[in-house]
Amino acid sequence: MRRKTSLVLLALAVFFAALSPLLRWYAFPRLAKIPANQYQDMVLEAKDATLIDYNDGMKAKKVPKVTIVQTLKGNVEASEEIEKTAGKDVVVWDGLSYVVGPDGKMVSKIPERYIFDAHTQDPVHATGESVDGDSVKRVGIEFKWPFLTEKRDYQYFDAQARTSAPIHYKGTQNFRGVDVYYFEQTIPWTKVPFPKTMPVQGITPASLAKTGTTRWYTTVRKFWVEPLTGAPVYGEELHKEELRGGTLLGGRDKVTVFAGDVKMREDYIRHTVDLVKSNRTLVLLMTSYLPWGFLSLGLLLLALSLWLEARSRRPAATKVEEPEPVTA
């Protein structure tokens with residue numbers, strides 16, 4: 001009976017020991033993915049910012065606050081259509097960056113479509129990949145880092161410049177109880193297109209081009225990323241835009257369009273941290289808790305199996321009969 005039990009325990013030990021690496025290295029990369037129907041929004045603010053006033057001689061003025069609302073909406077229908085030819089799980093995010101001045105009026109709005117691999121977050125090039133109606137071909141990541149983010153530099157796509165540049169790993173920090181990787185990217189002064197939708201009626205990118213005036217942009221982009229989920233828990237940008245040259249400026253060399261330190265609003269920081277903590281537990285379950293638990297269970301079952309096998313092989317004790325007394 002002990003022999004049979006030890007064989008069963010040995011089989012279970014092999015099963016759980018084999019399941020441990022399979023769960024971590026085979027199942028996790030296939031199960032961990034961004035849902036195609038995900039929707040998220042975020043509000044950022046630049047307090048004490050500088051903003052151009054188009055109605056007052058295009059002068060740059062100090063304003064109490066500029067608000068940026070960013071939304072990302074999963075387009076399930078588009079992702080399913082792309083998956084037919086891509087041969088992989090694809091996510092399509094329809095995004096919108098909507099900037100509002102202190103008076104509540106629109107300053108700019110830039111839509112974009114971001115198409116990427118649901119598991120690795122690598123870009124997937126397909127029809128519709130765009131920024132503000134312009135077709136683009138992304139290199140590197142945008143919005144989200146891959147699961148199990150590494151301590152290294154990544155290529156990060158800049159929607160304003162329509163190009164990618166390195167975003168550098170700067171170290172590990174603790175942000176509100178979460179261990180995060182800090183990344184930073186600097187985009188030097190770069191000539192960028194005018195938004196298709198302008199805040200002043202009748203002004204278009206085509207009409208601005210005729211004046212010879214150009215738009216320039218620079219930013220220092222900062223992200224604090226939770227490495228297991230690859231989700232930023234906080235973001236910040238030191239953002240500057242200028243109009244340069246041309247007849248539109250009335251003889252001035254340049255005018256600041258917008259300048260400010262853009263930060264996530266406090267309520268969105270709290271919501272994001274709580275959400276990332278919850279998702280982090282799920283990733284830990286797949287990458288650490290279950291694999292190590294199964295391996296430990298396998299070793300325990302193996303030890304128990306060997307112990308029972310050793311007991312089953314131990315010879316049974318024989319009864320020693322005492323000699324009968326000799327009689328004369």
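The paragraphs below take up these topics in turn. The model is predicted.

**Strand pairing**

Strand β12, residues 254-264, pairs with β1, residues 39-53, in the antiparallel sense. Strand β11, residues 231-244, is likewise an antiparallel partner of β12. The table lists each pairing with its number of bridges and one bridge partner from either side.

| Pairing | Sense | Bridges | Residue and its partner in β12 |
|---|---|---|---|
| β1 and β12 | antiparallel | 5 bridges | glutamate 45 and lysine 263 |
| β11 and β12 | antiparallel | 9 bridges | glutamate 241 and phenylalanine 258 |

**Packing of helix α2**

Helix α2 spans residues 76-86, and its residues Ala78, Ser79 and Ile82 are buried. Viewed down the axis of α2, the buried residues lie within an arc of 95°, and they therefore line one face of the helix. Glu77 and Lys84, on the other side of α2, are exposed. The packing partners of the buried residues of α2 are β3 (90-100) and β4 (106-117).

**Nonpolar surface patch**

Which residues form a nonpolar patch on the surface? The patch is formed by Leu7, Leu10, Val14, Leu299, Leu302 and Leu306, and together these residues have about 540 Å² of accessible area. Two elements, α1 (2-31) and α4 (266-313), each give two or more residues to the patch. Leucine 306 is located in helix α4. Is this leucine 306 buried or exposed? Leucine 306 has a relative accessible area of 52% and is therefore exposed, the cut-off for exposed being over 50%.

Note on methods:
Residues are numbered from 1 along each chain as its sequence is written. This is a predicted model: local features need pLDDT of at least 70, side-chain atom pairs count only at pLDDT 80 or more; totals for chains, interfaces and linings use all residues. Side-chain values use heavy atoms; hydrogens and water are left out. Patches are made of residues with over 30% relative accessible area and no salt bridge: like charges are joined within 9 Å, nonpolar side chains (Val, Leu, Ile, Met, Phe, Trp, Tyr) within 5 Å. Accessible areas come from the Shrake-Rupley method with a 1.4 Å probe; for residues, only the protein chains shown count as cover. A salt bridge is a side-chain nitrogen of Lys or Arg within 4 Å of a carboxyl oxygen of Asp or Glu. Helices (H or I, at least four residues) and strands (E, at least two) are DSSP runs, numbered from the N terminus. Buried means under 20% relative accessible area, exposed over 50%, partly exposed in between (1.4 Å probe, protein chains only). Two strands pair if DSSP finds at least two bridges between them. The arc is that of the directions from the helix axis to the C-beta atoms. Contact means heavy atoms within 4.5 Å.
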